[in-house]
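Open the structure in your viewer and keep the selection tool at hand. We will go from stop to stop, picking out a few residues or elements each time.

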Amino acid sequence: MENNPQHSRRDFIKKASVGLVGLSAMGFSAKSYARIVGSNDRVRVGIVGFSNRFRSSLFPCFMEHAKAQNFEFVAVSDLWNRRRDEAYAYVKQKAGMEIAKYRNNDELFPRKDVDAVIISTADFQHALIAADAVRHGMDVYVEKPLAETLEDAKIVRKAVEETGKILQVGSQRRSAPNYIAANEFIRSGKFGDIKMVDMTWNVNQPGRWRLPQLTKEIREQDTDWARFLMNRPKVAWNPRYYLEYRLFWPYSSGIFGQWMAHQIDTVHWFTGLAHPRSVVANGGIYQWNDGRTNPDTLTAVMDYGPENDKSKGFQVLYSSRFTNSAGDVKELYFSNSGSLNLDTNEVNSLGGLSQKAAAEMGMQANLLDPFTLPNATRMETSANTGGDPMTSLHMLNWMECVRNRKTPNADVIAGYNHSVANIMGRLAYETGKRISFDDKKQDVIIS
C-alpha cells in the first residue's frame with residue numbers, strides 16, 4: 001500500500017477486505033455500510049482507474065462543480081504504479097490536493113472516509129468494481145458500458161438495488177438540454193410514433209484505441225496482471241490487452257460498448273423500451289489488420305417495440321466504421337410526419353407525408369412544424385476547465401443526487417438496458433444469428 005498519511009484522516013477498517021471473487025455471496029447489508037452525507041458535509045471521492053478519459057473529461061468536469069457541491073478527491077486506486085504516481089502528481093498540480101495512493105480496491109474500498117468513487121477502468125471491469133464499491137457503502141459514478149456480459153450486468157444491478165446506493169452511468173446524453181428536450185417532445189406524442197432510427201459513428205483513425213508507445217513501456221512487474229483479468233480467463237501477460245483492451249474481446253466489445261452504448265441508450269430513454277426485440281449484425285476487420293479481434297466495421301439492425309404487439313414497432317439501423325469518416329456521428333429519428341436530427345438539433349418535416357402523396361390515397365398531409373432544440377455545446381459553465389458540457393452537467397447531476405438521494409439521470413437500470421442491447425448486438429455479430437431476449441428469464445435467445 002502506498003498510503004499518504006496526510007489524508008488518513010480517519011481510522012481504517014481493521015479487517016481483511018473482500019475481493020470480487022464470490023461477490024454475490026458477500027452478504028453486506030446496506031445498513032451496515034451506509035454512509036449518511038449531511039447537506040453541509042464534504043463528500044470525499046476516490047479515483048478508480050486514472051485513465052485518459054478521467055484526465056481529459058471526468059476530472060475537469062468534477063472540478064468545475066467541486067467547490068459549490070463541497071466534493072474533493074482523497075485517494076486513487078490503480079493497478080499500474082505509473083498511473084498511481086501520475087494521478088497523485090496531476091491532482092496535486094491541478095487541484096492543490098495530495099491524495100492517498102492504493103495498489104488495488106481491496107486496499108481502497110475499506111476506508112471509512114471515502115464516500116464515493118469515480119470508476120474509469122477497462123470496460124469489462126466496470127460492473128464488478130461498481131458492485132464491490134456499493135457493497136462497501138460508496139456511491140458510484142461509472143463510465144459506460146456498464147457491463148459487457150449479462151452475468152456481470154446482473155451482479156451490479158442486484159448490488160445497487162439491494163444497497164440503495166447512488167450509481168450514475170456515464171451516459172451523459174441524459175443530462176444534456178437538447179436530449180432532454182428531444183425526450184420530452186417525443187414522449188408528448190407531437191413527433192408521432194417513431195418508425196426508424198438511423199445512427200452512425202464513423203472515423204478514419206488507424207490510431208484509435210491504440211497506444212503503441214505505452215505498450216512498449218509498461219512492464220508486467222509494475223502492474224497486477226492477475227487482478228486486471230478479474231473474472232476473465234487467465235492468460236499470459238499481454239500489454240496490448242492491458243492498454244488497448246477496446247480492440248480485444250473479452251475485455252471490450254469495441255464498437256458496441258464504446259459507441260453504440262451511448263446512442264442506443266437514447267432509444268431506450270425516448271421510448272421507455274428496455275431492449276430490442278431482436279438484433280442481427282454483420283461486419284469484420286476490413287482495414288486495420290493489426291492483431292485486433294474486435295471489428296473495425298459493423299452494422300447492426302434492431303427491431304424495437306412492445307413484445308406483446310408485433311403490429312407496433314420501429315427499426316434501428318446502427319453502423320460504424322474506422323475506415324472512412326464520411327457521415328461522422330449521426331442520430332436521426334424518423335416518424336411519418338418528419339425528422340428529429342440530434343446532430344443539428346433540428347426538428348423538421350423532412351420526409352414527412354406530403355399533401356400530394358396523401359391526396360393520392362384520400363388522406364391528409366402529416367408534416368411537423370420545424371423548430372430547434374436547445375444546444376448542449378453552448379451551455380454556459382462557471383469555469384474554463386476543459387470538460388465537455390454534457391459530461392459536466394452529468395457530473396453535476398451525480399453530485400446533486402449523492403446529496404439529495406434522488407435517482408440520477410442514468411441509473412443502474414439505464415446501464416443494465418444498454419448493456420443488454422450491446423450484448424445482443426455482439427452475439428448477433430459473433431454467431432451470425434438472430435438474437436432476441438427473454439424478459440422473464442432475463443436471458444438472450446439465439447435463433
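**Stop 1: a pair of strands**

Select Ala75 first: it stands opposite Ala100 in β3. Helices (H or I, at least four residues) and strands (E, at least two) are DSSP runs, numbered from the N terminus. Two strands pair if DSSP finds at least two bridges between them. Strands of a sheet pair through backbone hydrogen bonds, either parallel or antiparallel.

Before going on, note what you are looking at. This is a predicted model, where local features need pLDDT of at least 70 and side-chain atom pairs count only at pLDDT 80 or more, while totals for chains, interfaces and linings use all residues. Residues are numbered from 1 along each chain as its sequence is written, and side-chain values use heavy atoms, with hydrogens and water left out.

**Stop 2: the six-stranded sheet**

Now widen the selection. β2 and β3 are part of an open sheet of six strands, in the order β3-β2-β1-β4-β5-β6, with parallel pairing. Which strands are at the edges? They are β3 (100-102) and β6 (167-169), and each pairs on one side only. Look along the sheet: the twist averages 25 degrees from one strand to the next.

**Stop 3**

α2 lies across β1 (43-48), β2, β4 (116-119) and β5 (139-142), and runs at about 145 degrees to β2. Axes are lines fitted to C-alpha atoms, for helices over the stretch in contact, and angles run from 0 to 180 degrees between N-to-C directions.

Next, show α2 (residues 52-69) with α3 (residues 81-95). They pack at an angle of about 30 degrees, with axes 12 Å apart. That makes α2 roughly parallel to α3. Angles under 35 degrees count as roughly parallel, over 145 as roughly antiparallel, 65 to 115 as roughly perpendicular and the rest as oblique.

Turn on side chains. On the α2 side, the contact uses Asn52, Arg55, Phe59 and Met63. On the α3 side, pick Arg83, Glu86, Tyr90, Val91, Lys94 and Ala95. Contact means heavy atoms within 4.5 Å. By class, this contact of α2 with α3 has five nonpolar, one polar and four charged residues. Ala, Val, Leu, Ile, Met, Phe, Trp, Tyr, Cys and Pro count as nonpolar, Asp, Glu, Lys and Arg as charged, and the others, Gly among them, as polar.

Step into the loop between α2 and β2 and click Asn70. Its phi is near 60 degrees, a positive value in a residue other than glycine.

**Stop 4: helices α5 and α6**

Select 126-135 for α5 and 150-163 for α6. Their axes come within 8 Å and cross at roughly 20 degrees. That makes α5 roughly parallel to α6. The residues of their contact include Leu128 and Val134 of α5, and Ile155 and Val156 of α6. The contact divides into nine nonpolar, one polar and four charged residues.

Then find Pro145, in the loop between β5 and α6. The peptide bond from Lys144 to Pro145 is cis, with omega near 0 degrees. Most residues other than glycine have a negative phi, and most peptide bonds are trans.

**Stop 5: the ten-stranded sheet**

Move to the other sheet. This open sheet of ten strands has the order β14-β13-β12-β11-β7-β10-β9-β8-β15-β16, with mixed pairing. Its edge strands are β14 (371-372) and β16.

Select β7 (194-202) and β10 (314-321): seven bridges join these parallel strands. Thr200 has Ser319 in β10 as its bridge partner.

Now Ser436. Ser278 stands opposite Ser436 in β15, and Ser436 stands opposite Ile445 in β16. β8 (278-284) pairs with β15 (435-438) in the antiparallel sense over two bridges. β15 also runs antiparallel to β16 (443-446), with four bridges. In the hairpin of β15 and β16, click Gln442: it takes a positive phi near 50 degrees.

**Last stop: confidence**

Colour by pLDDT, the predictor's confidence in each residue, from 0 to 100. The mean is 91, and 88% of residues reach 70 or more. Where is pLDDT below 50? Residues 4-34 are one such stretch, and residues 378-385 are also below 50.
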